[in-house]
Amino acid sequence: MEGESFDVVSKTAEWFNHTSIGGYGELHYQNRSIENGSHKEEIDFRRFVLFFSHEFTDNLRLFSELELEHSISGDGKSGEIELEQAYLEYDFNEHASAKTSLFLMPVGIINETHAPTTFYGVERNEVEKNIIPTTWWEAGIGGSYRFDNGLSFDAAITSGLDVSSNYDIRKGRQKVSKQKANDPIFVVRGKYTGVPGLELAATILHQTDMGQSDNSSNVAVDIGSGTLYETHVIYSHAIGPGTFTGKALYSRWEINVNDPAHQNAETQYGWYIEPSYRLPTSIGDLGAYARFQKLDYYSSSDKNYNIWETGANWWIHENVVLKANYIYKEDTLHSNKDERGFDLGIG
């Protein structure tokens with residue numbers, strides 16, 4: 001009996017040593033006014049995420065992430081419980097790996113790395129939110145290859161979007177919940193990090209049928225194929241006692257829309273530039289940033305915005321950040337719809 005007990009304890013300890021637990025959370029406060037006279041003051045525990053991973057062997061591991069949005073979920077409640085990641089990853093060697101099941105799409109800057117301590121601003125930027133659309137996950141199979149010179153490639157075949165109801169990319173995410181799977185996505189990304197402080201990346205993603213129509217006849221459907229192009233650059237360099245970082249991203253959808261009433265949905269794009277400076281101090285790192293976003297997308301009707309934003313982050317610990325920002329959102333299609341205000345947050 002003592003031997004059996006020791007064996008159980010030993011196996012439990014071995015399992016624990018190969019298991020990691022983590023997560024993050026975000027509390028947001030918004031104070032926004034629109035020129036037409038409407039006003040919004042809102043506080044929201046935006047998300048709480050638990051992360052679990054386990055190494056079965058040196059080559060095989062599991063990653064998973066469970067998320068609760070808006071604090072409470074259930075009938076009549078605004079929150080959701082979501083399985084954001086759950087996949088197995090296998091290393092063939094130090095350069096090549098493969099993964100399968102449910103994982104984040106390899107596109108953009110914050111889709112795969114979006115803990116609140118890793119970006120400026122209380123809310124995630126609207127270009128990646130509405131065009132990419134972050135946070136975006138699908139089910140499928142993917143592979144990666146990394147060269148010694150900093151060049152890497154990712155490729156995947158996954159389940160796809162369904163934007164047939166309103167031509168809205170973000171609302172087209174089916175989140176792998178009994179979703180239509182008539183037409184997959186093919187995605188390839190190249191990334192270069194061979195120069196210290198530099199990241200260059202480009203992604204091409206294609207889906208033959210953005211409406212998942214499974215149309216086998218010659219009858220025209222309202223929406224056809226879609227292709228997403230995304231590229232970004234991040235460069236960080238020490239200046240004085242702190243670090244300057246510049247980010248720029250451009251993302252564009254080209255969609256085959258056959259419905260004459262929704263031709264503006266054919267091209268949806270956005271870009272932003274973001275300079276920032278982070279300074280270490282005795283009370284934690286302080287950072288300031290500015291961001292300009294240009295956004296043209298479709299959600300039942302055409303949307304077009306110029307967005308100016310500035311703010312600061314205070315990392316009171318490397319894993320705890322306080323945030324504040326001011327934002328002015330110019331609606332270029334409608335008068336008296338410009339929005340301005342400030343946000344506060346902790347992550």
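This is a predicted model: local features need pLDDT of at least 70, side-chain atom pairs count only at pLDDT 80 or more; totals for chains, interfaces and linings use all residues.

Trainee: Let us begin with the whole chain. How many helices and strands are there in the protein?

Mentor: The protein has 2 helices and 16 strands. Along the principal axes, its C-alpha atoms fill a box of roughly 75 × 65 × 50 Å.

Trainee: What does the radius of gyration say about a compact globule?

Mentor: The value is read against what a compact globule with 347 residues would have, which is near 20 Å; the protein has 22 Å, and this agrees. As for burial, 46% of the 347 residues count as buried.

Trainee: I turn now to charged side chains. How many salt bridges does the count come to?

Mentor: The count comes to 18 salt bridges. One of them is between E26 and R47, whose side chains meet at 2.7 Å, N to O. Because E26 lies in strand β1 and R47 in strand β2, this pair ties together parts that are 21 residues apart in sequence.

Trainee: Is E26 buried or exposed? And which class does R47 fall into?

Mentor: The reasoning rests on a cut-off: a residue is buried when its relative accessible area is under 20%. E26 has 2% and is therefore buried; R47, at 6% relative accessibility, also counts as buried.

Trainee: With which other residue does R47 form a salt bridge?

Mentor: R47 also forms a salt bridge with E67, and the closest N and O atoms are 3.5 Å apart. E67 lies in strand β3 (residues 60-69) and R47 in strand β2, so parts that are 20 residues apart in sequence are tied together. E67 is buried as well, with a relative accessible area of 2%.

Trainee: Where do E89 and R61 lie, and how do their side chains meet?

Mentor: The side chains of E89 and R61 meet in a salt bridge of 3.0 Å, N to O. E89 lies in strand β4 and R61 in strand β3, so the pair ties together parts 28 residues apart in sequence. Both E89 and R61 are buried. As for shared partners, salt bridges join E26, R47 and E67 into one network.

Trainee: Aromatic rings are my next topic. What describes a pair of aromatic rings?

Mentor: Such a pair is described by the distance of the centres and the angle of the planes. A search of the whole structure finds 14 aromatic pairs. In one of them, the ring centres of Y90 and F92 are 5.2 Å apart and the planes stand at 80°, so the pair is edge-to-face. Y90 is partly exposed, at 37% relative accessible area, whereas F92 is exposed, at 52%.

Trainee: Which two residues form an aromatic pair that is stacked?

Mentor: W308 and Y328 do so, with 5.8 Å from centre to centre and 20° between the planes. This pair links distant parts of the chain: W308 is in strand β14 (residues 301-317) and Y328 in strand β15 (residues 320-331), 20 residues apart. W308 counts as partly exposed, at 38% relative accessibility. Elsewhere, ring pairs link F51, F63, Y87 and F103 into a cluster.

Trainee: Which residues form the nonpolar patch on the surface?

Mentor: The patch is formed by I21, F45, F48, L50, F52, L66, I81 and L83, and together they have about 740 Å² of accessible area. The elements that give two or more residues to it are β2 (39-55) and β4 (80-91). β2 gives the most, with 4 residues. I21 is placed in strand β1 (residues 19-34) and counts as exposed, at 61% relative accessibility.

Trainee: Finally, the backbone. Which peptide bonds are cis?

Mentor: The bond from I132 to P133 is cis, with omega near 0°, and the bond from T134 to T135 is cis, with omega near -5°. P133 is found in the loop between α2 (126-130) and β6 (137-146), and T135 lies in the loop between α2 and β6.

How values were computed: Residues are numbered from 1 along each chain as its sequence is written. Side-chain values use heavy atoms; hydrogens and water are left out. Patches are made of residues with over 30% relative accessible area and no salt bridge: like charges are joined within 9 Å, nonpolar side chains (Val, Leu, Ile, Met, Phe, Trp, Tyr) within 5 Å. Accessible areas come from the Shrake-Rupley method with a 1.4 Å probe; for residues, only the protein chains shown count as cover. A salt bridge is a side-chain nitrogen of Lys or Arg within 4 Å of a carboxyl oxygen of Asp or Glu. Buried means under 20% relative accessible area, exposed over 50%, partly exposed in between (1.4 Å probe, protein chains only). Rings of Phe, Tyr and Trp (its six-membered ring) pair if their centres lie within 6.5 Å; planes under 30 degrees apart count as stacked, over 60 as edge-to-face and the rest as tilted. The radius of gyration is taken over C-alpha atoms; the globule rule is 2.2 Å times the number of residues to the power 0.38.
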